[in-house]
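Please keep the sequence and the model in view while reading.

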Amino acid sequence: MPVDKAEAAEAIARFLVALGLDPGSDPELAGTPARVAEAWANDLVDGYDVDVAALLERESSPAAGAGLVSVRDLAVSTICPHHLLPARGTGTVLYLPGARVAGVGTLARVLDAFAHRLTLQETITASVARALVQHLGARGAACTLSLSHDCLSSRGERKVAAVVDTIAWAGTFEQPGPDRDLALAALRTAT
């Protein structure tokens with residue numbers, strides 16, 4: 001479904017008015033509804049516009065005997081679907097290539113495509129790992145995320161130092177064995 005930025009801006013204006021804040025009379029809020037709609041459409045939920053399968057097909061090349069690939073310390077930001085508050089931190093994407101490899105920038109774009117959707121952190125890691133196996137043909141794949149959630153630090157429990165870690169495995173990494181041992185060793189080296 002295409003984004004209707006004008007409707008989104010009107011909804012934001014109504015939201016602000018419902019909170020007792022009038023963008024029409026407060027100069028600090030003038031233009032805020034349009035800016036918020038633009039930010040959400042172009043930056044915060046733009047992952048819905050990315051066809052991950054097509055991206056991995058377009059941005060991959062023959063593997064030629066490539067070994068384990070690991071890209072770590074990727075900056076990640078996402079929006080919690082429960083409170084619409086941000087979560088930020090870093091991620092690691094690693095995979096054991098099959099017939100094709102993807103560039104490291106492509107791996108970062110795949111992570112962002114799933115992070116820039118209204119979804120749980122656990123779903124992001126699982127989606128990235130599965131996509132690399134299903135659409136790139138990786139023999140095994142994993143994704144880890146370490147995120148600080150504003151919904152945990154700025155409201156409710158107010159645990160400002162809390163970090164949520166998730167990891168998901170796909171392909172040969174799902175079962176104990178030499179491939180998973182290789183991935184675990186790479187993850188230990190990353191920390």
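Ala54 is found in helix 3 (residues 52-58); helices (H or I, at least four residues) and strands (E, at least two) are DSSP runs numbered from the N terminus. The model is a predicted one, in which local features need pLDDT of at least 70 and side-chain atom pairs count only at pLDDT 80 or more, while totals for chains, interfaces and linings use all residues. Residues are numbered from 1 along each chain as its sequence is written, and side-chain values use heavy atoms, with hydrogens and water left out.

With a relative accessibility of 30%, Ala54 counts as partly exposed, a class that lies between buried (under 20% relative accessible area) and exposed (over 50%), for a 1.4 Å probe and protein chains only. Between the C-alpha atoms of Ala54 and Leu68, which are 14 residues apart along the chain, the separation is 23 Å.

Helix 2 (residues 32-44) spans only 16 Å between its end C-alpha atoms, whereas a straight helix of 13 residues would span 18 Å at 1.5 Å a residue; the expected span is 1.5 Å times one less than the number of residues. Its buried residues are Thr32, Pro33, Ala37 and Ala41. Because these cover an arc of only 160 degrees around the axis, they are on the same side of helix 2, the arc being that of the directions from the helix axis to the C-beta atoms. Their cover includes helix 1, where contact means heavy atoms within 4.5 Å.

Which side chains pair by charge? A search of the whole structure finds 7 salt bridges, each a side-chain nitrogen of Lys or Arg within 4 Å of a carboxyl oxygen of Asp or Glu. One of them joins Glu38 and Lys5 (3.4 Å, N to O). Since Glu38 lies in helix 2 and Lys5 in helix 1, this pair ties together parts that are 33 residues apart in sequence.

Another salt bridge is formed by the side chains of Glu57 and Arg100 (3.6 Å, N to O). Glu57 belongs to helix 3 and Arg100 to strand 4 (residues 100-102), so parts 43 residues apart in sequence are tied together.

Glu59 and Arg109 also form a salt bridge, with their closest N and O atoms 3.8 Å apart. This pair links distant parts of the chain, 50 residues apart: Glu59 is in the loop between helix 3 and strand 1 (60-62), and Arg109 is in helix 4.
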